[in-house]
Structure formats: structure tokens, C-alpha cells
Amino acid sequence: FRTPQDLQSKLAVLPMIAELQLATAARDISNAGLIGTLAMLAEASECGARVDLNSIPKPYNVDFSKWIKMFPGYGFILAVDPEHAGKVQALFQKEQITAQVIGELTEDPNIVLHSEEETAVLFNWSRESLVVGDYG
């Protein structure tokens, strides 16, 4: 059971991160799921991303391939400089919200998914567009 004060303090984390200028970009996880939302953030920022699929936290009873494509109800993708990552994670953890570094934004135009087994390019902004328009 959560009190109104519990919910207010959880919702205050993102404005606090913004006020402290700890993130350079952020996006709420939409119906495109975690990976699709990350791709939208990267495309709008005119960059690529490398995602370590093994570092993505998930509930123990949810299929991983469904988890990364679903709308979780509450979740965010943040672009955070590495020197601020620990502080951002601590702010979320203080409110008992899972926060994890899952990859990095890159200068190349690819959204690359990496796991222990393989690496694959999901999108290449020089050849395709998700929401912004063609860069090529």
C-alpha cells in the first residue's frame, strides 16, 4: 500500500534530475516499448545507440522479448553522462525504483543490440527513419 506522499516522492525524482542537470535527454517509455522508445530518443537526438540486452532489468516472471517491447506503465529512458550515472541511480533507488545503465548513445547512425551471444543492428538512420524523417 502506498500513501500519497510515497507517490509524490517517486514522481519528484525526474524533476529533481532535471533541476540538477544530471540528464541531457529523457523520454517516457511508450507503446513502442523500451527498445523502440530508446530508438526514438536516439533518432530525435541524431545519434545511434549500443544497448547491452543482458543489462536490462526485468521482472522474474516476464518473458524478456515481450518485456523489451511492452508498455510498462511507468518507465523512462534517460541520457546521462557516465560521471552522473551513479548519482541518478541513487536518486531512483532511494525511492525503490530500479534504474540501470543499459548502454550508451553513439555518434554512428546505428541502433545496435548486443547480448552475450550476438550483435545486431536494429535501425540505421542513414538508410531508414522511425519518426523524424530521412537523414540520408
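## Helix H3

H3 is a mostly covered helix, with eleven of its twelve residues buried. This is a predicted model. The buried set runs through Gly33, Leu34, Ile35, Gly36, Thr37, Leu38, Ala39, Met40, Leu41, Ala42 and Glu43. Strands do much of the listed covering: E1, E2, E3, E4, E5 and E6 (119-124) are included in what covers the buried residues of H3.

Ser45 has a relative accessible area of 38%, so it is partly exposed. Glu46 reaches 59% relative accessibility and therefore counts as exposed, the cut-off being over 50%.

Just after H3, Glu46 takes a positive phi of about 55 degrees, although it is not a glycine. Ser45 and Thr106 are 61 residues apart in sequence, yet their C-alpha atoms are 10 Å apart in space.

## Helix H5

H5 covers residues 82-94. Its 13 residues should span 18 Å at 1.5 Å a residue, and the end C-alpha atoms are 19 Å apart, which agrees.

Which residues of H5 are buried? They are Ala85, Val88, Gln89, Leu91 and Phe92. These residues cover an arc of only 160 degrees around the axis, so they sit on the same side of H5. The general rule is that an α-helix has 3.6 residues a turn, so residues three or four places apart point the same way. On the other side of H5, Glu83 and Lys94 are exposed. Helix H2 (13-19) and E3 are included in what covers the buried residues. Just after H5, Gln96 takes a positive phi of about 60 degrees.

## The largest pocket

The largest pocket holds about 1100 Å³ of space. Its lining has 39 residues, and the closest to its centre are Phe76, Ile77, Leu78, Ala99 and Gln100.

Which element gives the most to this lining? H5 does, with five residues. At least two residues each come from helix H3 (33-44), strand E2 (48-52), strand E3 (76-79), helix H5 (82-94) and strand E4 (103-106). By residue type, the lining divides into 27 nonpolar, seven polar and five charged.

## Exposed loop positions

Gln21 lies in the loop between H2 and strand E1 (25-28). Is Gln21 buried or exposed? At 65% relative accessibility, Gln21 counts as exposed, because the cut-off is over 50%. The phi of Gln21 is near 55 degrees, a positive value in a residue other than glycine.

Glu107 sits in the loop between E4 and strand E5 (110-114). Its relative accessible area is 83%, so Glu107 is exposed. Where does the chain bring Glu107 in relation to Ala42? The two are 65 residues apart along the chain, and their C-alpha atoms are separated by 9.9 Å.

## Trp67 and its contacts

Trp67 belongs to helix H4 (residues 64-67). What does Trp67 touch, not counting residues up to four places away in sequence? The contacts are Ile56, Pro57, Lys58, Pro59, Val62 and Pro72. Pro57 is one of these contacts. Trp67 and Pro57 are ten residues apart in sequence, and 9.5 Å separates them, C-alpha to C-alpha.

How values were computed. Residues numbered from 1 in each chain as written. Predicted model: local features only at pLDDT ≥ 70, side-chain atom pairs only at ≥ 80, totals over all residues. Heavy atoms only, no water. 1 Å grid on protein atoms, 1.4 Å probe; cavity = no way out; pocket = protein on both sides within 12 Å on 5 of 7 lines; lining within 4 Å. Points joined across faces, edges and corners; volume = space filled by probe spheres on them. Helix = DSSP H or I, 4+ residues; strand = E, 2+ residues; numbered from the N terminus. Nonpolar A, V, L, I, M, F, W, Y, C, P; charged D, E, K, R; others polar. Expected span 1.5 Å × (residues − 1). Buried < 20%, exposed > 50% of the residue type's maximum accessible area, 1.4 Å probe, protein only. Arc of directions from axis to C-beta. Contact = heavy atoms within 4.5 Å.
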